[in-house]
Amino acid sequence: MRIGVIGTGRIGTIHANTLSRHREVGSLILTDVDPARAQDLAHRLGETAAPGVDEIFTWGVDAVVITTATSAHAELIGRAARSGLPVFCEKPIALDLAGTLQAIGEVETAGTILQMGFQRRFDAGYRGARDAVRSGRLGRLHTVRALTSDQAPPPPAYLPQSGGLYRDTLIHDFDVLRWVTGHEIVDVYAAGSDAGPAMFREAGDIDTGAALLTLDDGTLATATATRLNGAGYDVRMELAGELDQIVVGLDDRTPIASTEPTGPPAADKPWTGFLERFGPAYEAELIEFVDVVRGGRPNPCDGREALQALRIAEACEVSRRERRVVALAEIAGAAGATVP
Ligand SMILES: NC(=O)c1ccc[n+]([C@@H]2O[C@H](COP(=O)([O-])OP(=O)(O)OC[C@H]3O[C@@H](n4cnc5c(N)ncnc54)[C@H](O)[C@@H]3O)[C@@H](O)[C@H]2O)c1
């Protein structure tokens, strides 16, 4: 199998590494708007660099992995779909609902595969939580607390094209909240703060956000995120039910210190970022993509799933701006929606 990887930055490098080592993948063609970046990675992996995106489609590949900046995802998904090629694409599909629906429409019209990169679905902790909820071990779930805290902010140039904290970061919590609980979010109330470094205000973004979400069975959830958490990279989900409660992301590297005399010791080596925390999950989702392309498995996370997560992020942005509760029904793109 030959796979084209478009975008060889932080996450493209991780995925290309995984694919290059996969025994079912014969070769990779790598490309980037910065050709030196693609050439450098190709050289390190012993793969081929293409001068541009056109060559990915004209040289002939069996599948495409899209790891460019988000602004290029939708157009590339459409192009791959029109070429009849299966796609793995990093989240999100686009920063707006119209672009997202357009890309999904192209995939559905072509009848091709679009697997989205919500890697938490492949993380052992979140998988264990989903199993626990489904087994009934927790009893009726009443509260879920999700959080994502980056240790260090992304480069300033990343911010204006990221879509903001809700679409860029909390979208992972929204996706995995639906996936773990098996329930839809019906309304949200969200707030944000830009009281931290000036680069967030200058980009019109927030550095910290919090949302209260109501699920369709009445369960209450909170999701918080921050771009600057000195203690380390902290991704957790606590699920509390009438019978038991569990937590994802609590291990000997969780960057939190107990103030109790008998509490656990602080982590010696706290997590520092998503690349190390989710390394095994990034690898697992790409291995599964190869299986999906070979026809061995159903798509674990299609475009409609990504659309739902984006709709929740959109609702949070409206809520934060207008300081009110926003029903998901107010946001375009509900189930079965077609291209506007
Ligand atoms: N799943 C996750 O946990 C996760 C983590 C980080 C980033 N991401 C997503 O991955 C994507 C890339 O993020 P990143 O952190 O790797 O960014 P990055 O800036 O490190 O890399 C992006 C690369 O894409 C290239 N590029 C941009 N537009 C292009 C185009 N039209 N054609 C070809 N190359 C193009 C850039 O030159 C750059 O090398 C984003 O959509 C982001 O949301 C996902």
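Which backbone atom lies 2.9 Å from an oxygen atom of the ligand? Select Ile11 to find out, since a backbone N or O atom of this residue lies at that distance from the ligand oxygen, which is a polar contact, meaning a pair of N or O atoms within 3.5 Å, where within protein one must be able to donate a hydrogen and the other to accept it, and residues adjacent in sequence count only if both atoms are side-chain atoms.

Before going on, note that this is a predicted model, in which local features need pLDDT of at least 70 and side-chain atom pairs count only at pLDDT 80 or more, while totals for chains, interfaces and linings use all residues. Residues are numbered from 1 along each chain as its sequence is written, and side-chain values use heavy atoms, with hydrogens and water left out.

Select Asp32 next, where an N or O atom of the side chain is 2.6 Å from an oxygen atom of the ligand. Then select His73, which has a polar side-chain atom 3.1 Å from a ligand oxygen. On its own the ligand has 840 Å² of accessible area, of which the protein covers 85% (Shrake-Rupley method with a 1.4 Å probe).

Now show the whole shell, in which 23 residues surround the ligand, the closest being Arg10, Asp32, Arg37, Thr70 and Tyr282 (a residue is near if one of its heavy atoms lies within 4 Å). If you colour these residues by type, the shell divides into eight nonpolar, nine polar and six charged, where Ala, Val, Leu, Ile, Met, Phe, Trp, Tyr, Cys and Pro count as nonpolar, Asp, Glu, Lys and Arg as charged, and the others, Gly among them, as polar.

**His73 again**

Return to His73, which has its place in helix 4, residues 73-82 (helices are DSSP runs of H or I with at least four residues, strands are runs of E with at least two, and both are numbered from the N terminus). The side chain of His73 also reaches the backbone oxygen of Pro92 at 2.7 Å. His73 counts as buried because its relative accessible area is 1% (buried means under 20%, exposed over 50%, partly exposed in between, with a 1.4 Å probe and protein chains only).

**Two further stops**

Ala103 is buried, at 1% relative accessibility.

Finally, select Ile3 in strand 1, residues 2-6, which is buried with a relative accessible area of 0%. Ile3 and Ile56 are 53 residues apart in sequence, and their C-alpha atoms are 8.7 Å apart in space.
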